[in-house]
Amino acid sequence: MNKLIELIENAKNIAITGHVSPDGDCIGSTLGLYNYIIENYKDKQVRVCLEKPSMKFAFMNGFELISEDPFVEADLLVTLDASDRERLGIRGGMLDSAKESICIDHHVTNTNFAKFNIVEEFRSSTCELLYTLLSEDKISVATAMCIYTGIVHDSGVFKYQSTTKETMEIAGKLMAKGFDFTKIIDDTYFKKDFNATKLLGLALTNVKQEFDGKCCYGFLDYNTWSKYVSDKKKMDGIIDNLRNIEGVEIALFMYETAKNEYKVSLRSINKNVSSIASALGGGGHIRAAGATVYGNIDELLKDTILPMIEKELNG
Ligand code: 5GP
Ligand code: MN
C-alpha cells in the first residue's frame, strides 16, 4: 500500500487542496481524489478547499462543494499540483493545523514542503501521478472524468514532451470507463468566449520579437484586459499562441495584476524556463513556468527578464 492510501485509511477528516489560481490539472486531481475517497471510504469526512475554479469545470462531481476556506479540523491534508507552500495561498495554514500532510506533485521546483511527499517530475500531470496511486478497479466514471481532464490539460492534449506511453495507456484506461471525452476537451481546453477571443487578438496584434525572433513576448495592462474579461484565467491560452510562432524558442506573456505587480508566464520549445521562473521567485516545469514580479514593467523587462531569456537562449 502506498503512503497516500495508508494516510487516508488512518484519517477521519480529510482536507484536499491545490495551488492558487487552480488549473485543469489542479481541479481534476483534487476533485478526482475527492470522488475516489467518498466512493470507496464511506466513513470519511472530505472537503476540497480551493480558490474558486472556472465554471467550465462545473461538470465534475463535487464542484459545487468546493470551499475557499481552509478545513481546520482536518487530521490529514492532501495537497495536489502545488510545488511549494506559498502556492497554497491562505490554505497553506492547513499544513500546521492538520496532524498529517502529504504532497502529491510533478513540478521540478517542488520543495517537499509537506510531511510526506510523492513527487514525480517526469509525470505529464499530477492527475497521471494520482492515478498510479489509486486502484484501477475502484475508479468510477466520475473520478475518471476528473483525472482524464487534468491529464488532457497538463499534457496540452497529449502533445507536450512530458506525454509518455504510460500517459496514453492511463488515458486509455480512463476513457474505457465511458464518458464524452471530446466534449471535455472542447469545452474545457479549446473553447473561448467571444470577449476572450477578442482579447487574444489584441494581445497577438501587439506581440514583440527579440533575439532574432527566438523570443516573442506580449503584455497586457490591467485596464486593457479587464475591459474584456473579468476572470484572469480567461487569458490562459494566450501564451501558447506566442509559443507557436515560427522561430520562437522562448515565449513570454505578462499581465498586470495590481499596480507594479505582474503575472509572468513562460513557455519554451527546448530551453529551460523553470530556471528563469525560479530566479524570478516563481517555479514550474522545464518548458512551462511562471512567477509574479514587482516593479516597473519596462525596467523589469529591459534589466531583468529579457537578459535572463537571452542568457538561456545562448546557453
Ligand atoms: P502558467 O504560466 O500557466 O501560469 O504556469 C505554468 C506553470 O508554472 C504551472 O505549472 C504553474 O504551476 C507554474 N507557475 C506559474 N506561476 C507560478 C508561481 O508564481 N510560482 C510557482 N512556484 N510556480 C508557478
Ligand atoms: Mn500540473
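Leaving aside neighbours within four places in sequence, alanine 203 is in contact with Gly218, Leu220 and Ile238, where contact means C-beta atoms, placed from the backbone, within 7 Å of each other. Alanine 203 sits in helix H8, residues 194-205; helices here are DSSP runs of H or I with at least four residues, strands are runs of E with at least two, and both are numbered from the N terminus. Alanine 203 counts as buried because 22 other C-beta atoms lie within 10 Å. The cut-offs are 20 or more such atoms for buried, 12 or fewer for exposed, and partly exposed in between, with C-beta atoms placed from the backbone. Methionine 235 is 32 residues away from alanine 203 along the chain, and their C-alpha atoms are separated by 9.7 Å.

A word on what you're looking at: this is a predicted model, in which local features need pLDDT of at least 70 and side-chain atom pairs count only at pLDDT 80 or more, while totals for chains, interfaces and linings use all residues. Residues are numbered from 1 along each chain as its sequence is written, and chains are lettered from A and ligands numbered from 1 in the order in which they are written.

Now hop over to cysteine 216, which lies in strand S7. Cysteine 216 is buried, since it has 25 other C-beta atoms within 10 Å. Not counting residues up to four places away in sequence, cysteine 216 touches Val207, Lys208, Gln209, Leu242, Ile245, Val248 and Ala251. Proline 22 is another matter: 194 residues from cysteine 216 along the chain, with 26 Å between the C-alpha atoms.

Strand S7 (215-220) turns up again at helix H12, as part of what covers the buried residues of H12, along with strand S8 (250-258) and helix H11 (274-279). Leu301, Ile305 and Ile309 are buried in H12. There's a kink of about 35° at isoleucine 305, shortly before proline 307; the bend is the angle between axes fitted to the seven residues ending there and the seven starting there.

Axes are lines fitted to C-alpha atoms, for helices over the stretch in contact, with angles from 0 to 180 degrees between N-to-C directions. Under 35 degrees is roughly parallel, over 145 roughly antiparallel, 65 to 115 roughly perpendicular, and the rest oblique.

Take H2 (residues 24-40) and H5 (residues 141-154): their axes come within 8 Å and cross at roughly 160°, which makes H2 roughly antiparallel to H5. Residues of H2 in this contact include Gly28, Leu31 and Tyr36, and those of H5 include Cys146, Thr149 and His153.

H2 also meets H4 (residues 126-133), with axes within 8 Å and a crossing of roughly 20°, so H2 and H4 are roughly parallel. Here Asp25, Gly28, Ser29, Gly32 and Leu33 of H2 contact Thr126, Cys127 and Leu130 of H4.

To finish the trio, the axes of H4 and H5 come within 7 Å and cross at roughly 140°, so these two are oblique. Thr126, Cys127, Glu128, Leu130 and Tyr131 in H4 meet Ile147, Gly150 and Ile151 in H5. H5 itself is mostly covered, with 13 of its 14 residues buried. After H5 comes glycine 156, with a positive phi near 60°.

Terms used:
Contact = placed C-beta atoms within 7 Å.
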